[in-house]
Amino acid sequence: MVVNEDRFFLSHRKPVALAAKEAGFDVVILTKDTGRRAEVEALGFPMVELPINPTGMNLTQELKTFLFLFNLYRKEQPELVHHVGIKNMLWGGLAARLTHIHGIVNAVSGLGGLFNAGKLTAKTRAILKVMKYANSRPKVKVIFQNNDDKSIFLSRRVIVQDQLEFTKGSGIDLKEFAYVPEPEEEVINIIFTARMVREKGVCDLIEAAEMLKPQYQGKIRFLLCGRLTPNKTGITEDYMKEHCDGEYINWLGERNDVKQLLEKSHIMAFPSYYREGVPKSLIEASAIGRPIVTCDSTGCRDVVEDGVNGFLVEPQSPKQIAEALKKLIDDPELRRRMGKKSREFAERDFSIEKVVDTHLRIYRSLAK
């Protein structure tokens, strides 16, 4: 299993890997070590350091990633390889085809910033052509999380219909993330959980918060939960400190207690216009039972039915974000009703058991 970073493996792919191990597969994790190798190895998985720049497109670094995977696959000849994310699909898929790996699983967990433009660029078209070549062979399955990404791959003939698989997100343990009624405290907590990247909508949310401040200061609180990132559109620490006062708008940094923070919150605000798969942030908020304000954008719209369990707003529209939040702030009964609907949707769509079962079926179908 090839994943950009160890922390992403632990947050998004651990249950699948554990289930595969229990089913009799020998599972090795290829990933960048961000300091959590011990956690991966404690689960019983050998971990191989993957030389990868998760956010950059430096040609020398990209070639290094490809050659590493090519040489490793040629030497080890694994029965199956599972590439998670667009960069691993690109280089891993090409390396797997050239080294005649028996079975390939590619997981599209969002197409990211390269595909954010209204039309495909020369670079994105070239990437799709390479992936088309890599996929043009037997024993390949490609897993999508939303219909927008699936449509691109089908329309560009990157895959054929019988290679297509679908899971709505990475799944969640609905027992661990159980429904919790909103807290009774008077101050309404509005939470955002994601990396501090502009396309995730954090700057738009801060602007919306400032619009609401004259009317609601002391009555609402914004909790911005997430780490900084070296991504070229990442937000700087100076920006966060300038715009977060620690009372009305709070930047909490990276946290390991997201579930507890969601339980203490009343509303999830996630105005992302990044090319998400299906955001884990929204899946977790749905499971806890929170109304959601998010963008009518790829991945996000797959979690929210507008007016039912939350509101969909136009991308990069702080005014619409503020208006949607105001509706929820002013109406406790609406929050509770939408929150219960979110939980219903989570039970219908996001069970980790469904995701695990789909992956095991795919693995078995590709095994020798």
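Analyst: Before the sheets are read, one term is needed: two strands pair if DSSP finds at least two bridges between them. The model discussed here is a predicted one.

User: How many bridges join strand 6 to strand 7, and which residue of strand 7 stands opposite F144?

Analyst: In general, the strands of a sheet pair through backbone hydrogen bonds, and the pairing is either parallel or antiparallel. Here strand 6 and strand 7 (residues 164-166) run parallel and are joined by three bridges. Within strand 7, F166 is the residue opposite F144.

User: Which way does strand 5 run against strand 6, parallel or antiparallel?

Analyst: Strand 5 (residues 103-107) runs parallel to strand 6, with four bridges between the two.

User: How many residues of strand 6 are buried, and which residues lie on each side?

Analyst: Burial is read from relative accessible area, with under 20% counting as buried. Strand 6 (residues 140-144) has five of its five residues buried. One side carries V140, V142 and F144, while K141 and I143 lie on the other, and both faces are covered.

User: What is the strand order in the open sheet of six strands, and which strands stand at the edges?

Analyst: The order is 10-9-8-11-12-13, and the pairing is parallel. Strand 10 (249-253) and strand 13 (310-313) are the edge strands; each has a single partner, so one side of each lacks a neighbour in the sheet. On average, neighbouring strands of this sheet are turned by 20° against each other, direction ignored.

User: Which strands does helix 7 lie across, and which does helix 11 lie across?

Analyst: Helix 7 (residues 202-216) lies across strand 8 (188-193), strand 9, strand 10 and strand 11 (267-270), and runs at about 165° to strand 9. Helix 11 lies across strand 8, strand 9, strand 11, strand 12 (292-295) and strand 13, and its angle to strand 13 is about 170°.

User: At what angle do helix 11 and helix 12 pack?

Analyst: Two packed helices are described by the angle between their axes and the distance between the axes. For helix 11 (residues 318-330) and helix 12 (residues 332-349), the angle is about 105° and the axes are 5 Å apart. The two helices are therefore roughly perpendicular to each other. K327, L328, I329 and D330 of helix 11 meet P332, L334, R335 and M338 of helix 12. That contact of helix 11 with helix 12 has five nonpolar, three charged and no polar residues.

User: How do helix 3 and helix 4 compare; at what angle do they pack?

Analyst: Helix 3 (residues 59-76) packs against helix 4 (residues 86-98) at about 40°, with axes 9 Å apart. At that angle, helix 3 is oblique to helix 4. The crossing of helix 3 past helix 4 is right-handed. Among the contributing residues are F66, L69 and F70 of helix 3, and W91, L94 and L98 of helix 4. By class, the contact of helix 3 with helix 4 divides into nine nonpolar, two polar and two charged residues.

User: Does R343 count as buried or exposed, and what does K341 count as?

Analyst: R343, in helix 12, counts as buried because its relative accessibility is 11%. Beyond its neighbours within four places in sequence, R343 is in contact with L174, F177, A178, Y179, S286, A287 and G289. K341, also placed in helix 12, has 32% relative accessibility and therefore counts as partly exposed. Leaving aside its neighbours within four places in sequence, K341 is in contact with V308 and N309.

How values were computed:
Residues numbered from 1 in each chain as written. Predicted model: local features only at pLDDT ≥ 70, side-chain atom pairs only at ≥ 80, totals over all residues. Heavy atoms only, no water. Axes fitted to C-alpha atoms, helices over the stretch in contact; angles between N-to-C directions. Parallel < 35°, antiparallel > 145°, perpendicular 65-115°, else oblique. Contact = heavy atoms within 4.5 Å. Nonpolar A, V, L, I, M, F, W, Y, C, P; charged D, E, K, R; others polar. Buried < 20%, exposed > 50% of the residue type's maximum accessible area, 1.4 Å probe, protein only. Left-handed = near helix turned anticlockwise from the far one by under 90°.
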